[in-house]
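Please look at the chain below with its charged side chains in mind. The paragraphs that follow go through its salt bridges.

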Amino acid sequence: MFTSFDNIGLLKVLNFLESHESEYLSGQDLSDILKISRVAVWKHIKKIRSLGYVIESKQKRGYKFVSATDKLLPWEISKNLETKFIGKRIYYFDEINSTQNFALELATKNNENGTVVIAEKQVDGRGRLKRKWYSPDGGLWFSIIIKPEFEISNATIIPLASSLALCLAIEKIHKIKVNVKWPNDITIDGKKVAGMLVDASIQANNIENFVLGVGINFKINTSQMEKILKNGSNFYGVTSLFKIQDKVNKMKLFNQFLIELEYVLDNLTKRKKNEIIKKWSNRTDMFEKRVKINTNKGIISGHAKKIDDEGALIIKTKSGNERIFVGDVNLG
Ligand code: BTN
């Protein structure tokens, strides 16, 4: 695990090499300047290389920084971060069971508002409604702890607000038109490109905190994923950002999402939830169509009418209007 608040020795070596990228620096020079042993220099360089940085070495000349990693390491994220509070504290894992579980555990301990937990791969990723979430290398899997300042009545808008933030980020960075599928799937050409999960902790009519889990199919093998998922519920095809566009930049998308998320959460604090609902509603094609909603009370069929101001989906059924907060929607 790496965090944004330790690994001081490794960062000393990395930052020095990077800021002198046109020069070769010997192990002895690095040791003298950075005041760490030669063995420590060597160990740090080995670790830095294993993280995906390219460091060239030449006999008698030393080490030279060639290129950075594309991994979302905490210090790389921090370099580009433009948010007010999200992402100031980051936990990074090469592999974890679930970033969501780790973040939920953290949320109970300290004041961790805005903390991000990110992993290259999850071995026990969780999806909505107790489903498994397949999370191989190449995806963007992370969870964010938020201690919101808005009222509890806004809790049901969080999934809509978060998925709107991701739509805006993808559109700004990748210039791809994305849609939403209620409540918070993100789709491109009708296939799922990202999903979200919200776990809220509510105490005495207050949202103590919520953990937003985000899974983006960034650069994954979609046909392999479709084979694995095709018999599951809520399967309607999988796509990835890389499949649509080969010049995709994980770091840019991630940072933009954090900015957009702060913005929509700020709107909730300022009681502008109708704006969020309106913008979200403009990105779905389900209104006035026949839909079947898979809920915990069984399947509800009818016509999708709107999202009301508490975030509920209104379905006109034969026996009247139904307000639905939890479920999966399917057209037809
Ligand atoms: C869904 O569409 O069912 C929601 C998927 C949410 C997946 C993300 S990946 C990061 C975080 N950790 C988890 O275990 N799940 C969420």
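Which side chain meets Lys250 in a salt bridge? The partner is Glu120, with 3.9 Å from N to O. A salt bridge here is a side-chain nitrogen of Lys or Arg within 4 Å of a carboxyl oxygen of Asp or Glu. The pair links distant parts of the chain, 130 residues apart: Lys250 lies in helix 9 (residues 250-269) and Glu120 in strand 5 (residues 116-122). Helices (H or I, at least four residues) and strands (E, at least two) are DSSP runs, numbered from the N terminus.

This is a predicted model, in which local features need pLDDT of at least 70 and side-chain atom pairs count only at pLDDT 80 or more, while totals for chains, interfaces and linings use all residues. Residues are numbered from 1 along each chain as its sequence is written, and side-chain values use heavy atoms, with hydrogens and water left out.

Lys250 counts as buried, at 14% relative accessibility, and Glu120 is buried at 10%. Buried means under 20% relative accessible area, exposed over 50%, and partly exposed in between (1.4 Å probe, protein chains only).

Arg126 forms a salt bridge with Asp199, and their closest N and O atoms are 3.0 Å apart. This pair also links distant parts of the chain, 73 residues apart, with Arg126 in the loop between strand 5 and strand 6 (140-146) and Asp199 in strand 9 (residues 191-203). Arg126 is partly exposed, at 31%.

Lys270 and Asp266 meet in a salt bridge at 3.0 Å, N to O; Asp266 is partly exposed, at 25%. Elsewhere, salt bridges link Glu18, Glu76 and Lys79 in a network. The structure holds 20 salt bridges.
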